[in-house]
Amino acid sequence: MAEATETYKVGQHPDLPPPRSEVGVIGWVKYNLLSTPFNVIMTLLAIWFLWSIIPPIFEWAVLDSVWTAESRKACWAKMEVPEGAACWAFIKDRIGLFIYGFYPADLRWRVNLSFVLMVLAIVSVLYENMPGRKFGLWYAVAFPFITGWLLVGGLGLTHVDTDQFGGIMLTFIIGITGISFSLPIGILLALGRRSKLPVIRVLCVLIIEFIRGVPLIALLFIASTMLNYFLPPGTAFDLLLRVLIMVTVFSSAYIAEVIRGGLQGIPNGQYEAADSLGLTYTKAHLLIILPQALKISIPGIVNTFIGLYKDTTLVLIIGMLDPLGVGRASLADAVWAGLAREVYIFVAVFFFICCFSMSRYSLWLEKRLSTEN
Amino acid sequence: MAVISETIPGTRNSLTRLWNNQQARSVIIQILTVAIVFALLALILRNVVNNLEAIGKEFSFKFLMYPAAYDITFSPFIEYTSRSTHLRAAVVGILNTLLVAVCGIVLATVMGFLMGILRLSKNWLINRLVYCFLEFTRNVPVLLHILFIHGIIVTQLRPPRQAMNFADSFFLSNRGFFIPQPVWEPIAWIIAVVFIVSVTFVFFFRRWAKKVQDETGRVYPVFWISAGVIVGATAVAFIATGMPLSWSIPELRGFNFKGGLAIKPEFIALWLALSYYTSCFIAEIVRAGILAVSYGQTEAAAALGLTRNRTLQLIVIPQAIRVIIPPLASQYLNLTKNSSLAIAIGYMDVVATVGGITLMQTGKEMETMIIVLLTYLVISMVISGFMNWFNKKTALVER
């Protein structure tokens, strides 16, 4: 009590720390969880919800789960309550199928090598500070063709039919091809849509609006059933190639719209400045307009890429075996049937990891390229 | 530019001169483009004709009149049996697509706005909880959601005999959700007419009240009067016609329910999965839209003495709506197009009927795909047309 009676001259009172109830953990809880009666109820509800959902899921997926077993019955026999926990042994048993599809087992090193090459290509595109990045970029351009040769074979390697492709590998093939080819095509379509030449503009508008107006599954059906009618008689080409073309065309239309938004965000002064410097159309766009337009359309572009990546699952409807397709096929197997939850969760987690990292990268890139202070 | 290049004399030949003339160049490029496009189209058309001839098919829509000979288990709007024509099957498919699209849009909007507002909650726990749900759902393919929900309904729910029973009239089982169906007597058309008339009256009344308020400042309790007129008039008509309504309650007969309205598991799975998947995107749009209205607007409203509700209603929401509408429209389009994934779980939408079974049976790839594509193009055009109209209506009026 001695301090309380101490007197100070006016203006000499030392700064006191804020009351303990306003800062630190207590203050945080007070302001973020319990600020009003309504908030208290919401917090209690949320805690009750978490409490009733997390422990059972954790027990199901981790504590009680079975990792080694020969069949579903063996799996359930190992549990305290049959069907009461996850049977990850199923995923473990089929992991080869989930990754490689029906790719011949003795040739899987080629897929593994492609995965390594893919990681190298992705790293050299994404990290600017990598030593020798210029070489890395040329490599990234060559990468789809190198991998294509490696996976399909020919020229000294044993040929593998593309209908044996499947699983995660197929997702990567479709996703990466779609992403890397749809960006340049999308840019061209967007520029065409903003062209001053009416014929080109109308053509691009028609293409973009047609593709955006129909679902991908209809385009995939066209690819699988009637694309051959459009080609000279006797030419039949690979289903995977047709799917790749359709997926690329589909996402280019969306990319074009995103980039058109970016182009519209560039003030006219930039075009006029480029003109007054005497730059040609190509140079003005390559040096002045596109770098700025692409920068502001990054979030949209990445969202489109994520959408494309998720849409690769649609190929299961025309009979190709992506991870979801592999999962469905495995569920039809009498030894393991009935373990749908495990399959769906495994595939969902795979897609979540890929897509979530893409969206995080886009956030990081946006921040890094931002020129605002 | 054109003038300068033309006055340069001498060494260049006329072709390069033409190319350096901007106007001439643009004409040349356009003519070339048209030529290439038409050449391509002609080539494709020729290939199509040749290919069809080679396998002895002809391009015609006559098959639409033949019996379809397959069953569609879910046709809530029109009568359909396996003896109906392919045309009828197509119409059933289109109606089913529209049904799931409309229901999905409604539920997705409600859930999306709810989650978007929860995401803005100051309560950290709620905020994070919704965020986790949104991020997880958004980053997993919609097809997986559909298959997952369908799997849950088919494998986890009990068969009809042990169906979950709510008040002896709602039953949830692995054969679907069974609810009482309203059965109207023929005289009920009077009620419908009265309802429509009262809605029309309210429409004009609101316009009149707005005009009066603008001119004289007199405010009518518009909401209560409108609600009273619509509910009151309809209720009076209902009683006056002698309550021509009875309910058909689902009953367990043998292995399944009879009577009532059966909502098939395929429809429920597709509807729920599409709705909550799309609602996650809508939630982010709503959140961004509300955040886009600067806090100064709220403070200004408070300074004018508006209550919290009036601030939301008159200041924040009208401005947020402008930001929300365009991306919302594209989410609606996405939902409609994603409804084509119905085929994966056997919901008979237009892709599954015309583009699926009819195609397999008749081998008319070209014609069936044209029907499917046209259906989606028309739906897309209607939705984007409506949203453009709505957008124009709410857009900022600038001088």
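A helix here is a DSSP run of H or I at least four residues long, and a strand is a run of E at least two long. By that count, chain A comes to 17 helices and 0 strands. The model is predicted.

**Chain A overall**

Along the principal axes, its C-alpha atoms fill a box of roughly 100 × 80 × 45 Å. Of the 373 residues, 31% count as buried. Now take the contacts in chain A between residues at least 6 apart in sequence. Among these, 66% join residues at least 24 apart.

**Where the chains meet**

Chain B puts 46 residues in contact with 38 residues of chain A.

Which helix gives the most to the side of chain B that touches chain A? That is H3(B), with 13 residues. By class, this side of chain B has 29 nonpolar, 13 polar and 4 charged residues.

**A helix pair in chain B**

Two packed helices are described by the angle between their axes and the distance between the axes. Consider helix H4 (residues 86-119) and helix H9 (residues 265-292) of chain B. Their axes come within 6 Å and cross at roughly 40°. That angle makes H4(B) oblique to H9(B), because angles under 35 degrees count as roughly parallel and 65 to 115 as roughly perpendicular. The crossing of H4(B) and H9(B) is right-handed.

Residues on both helices make the contact. From H4(B) they include B:Val100, B:Leu107, B:Phe113 and B:Arg119. From H9(B) they include B:Phe267, B:Trp271, B:Ile282 and B:Arg287. The contact of H4(B) with H9(B) has 15 nonpolar, 7 polar and 2 charged residues.

**One residue of chain B**

B:Ile196 sits in helix H7 (residues 189-216) of chain B. Is B:Ile196 buried or exposed? It has 11 other C-beta atoms within 10 Å. A residue with 12 or fewer counts as exposed, so B:Ile196 is exposed. Its C-alpha atom is separated by 9.2 Å from that of B:Thr234. Along the chain, B:Ile196 and B:Thr234 are 38 residues apart.

Definitions and conventions:
Residues are numbered from 1 along each chain as its sequence is written. Chains are lettered from A and ligands numbered from 1 in the order in which they are written. This is a predicted model: local features need pLDDT of at least 70, side-chain atom pairs count only at pLDDT 80 or more; totals for chains, interfaces and linings use all residues. Two residues are in contact if their C-beta atoms, placed from the backbone, lie within 7 Å. Ala, Val, Leu, Ile, Met, Phe, Trp, Tyr, Cys and Pro count as nonpolar, Asp, Glu, Lys and Arg as charged, and the others, Gly among them, as polar. A residue is buried if 20 or more other C-beta atoms lie within 10 Å of its own, exposed if 12 or fewer, and partly exposed in between; C-beta atoms are placed from the backbone. Axes are lines fitted to C-alpha atoms, for helices over the stretch in contact, and angles run from 0 to 180 degrees between N-to-C directions. Angles under 35 degrees count as roughly parallel, over 145 as roughly antiparallel, 65 to 115 as roughly perpendicular and the rest as oblique. A crossing is left-handed if the near helix is turned anticlockwise from the far one by less than a right angle, and right-handed if clockwise.
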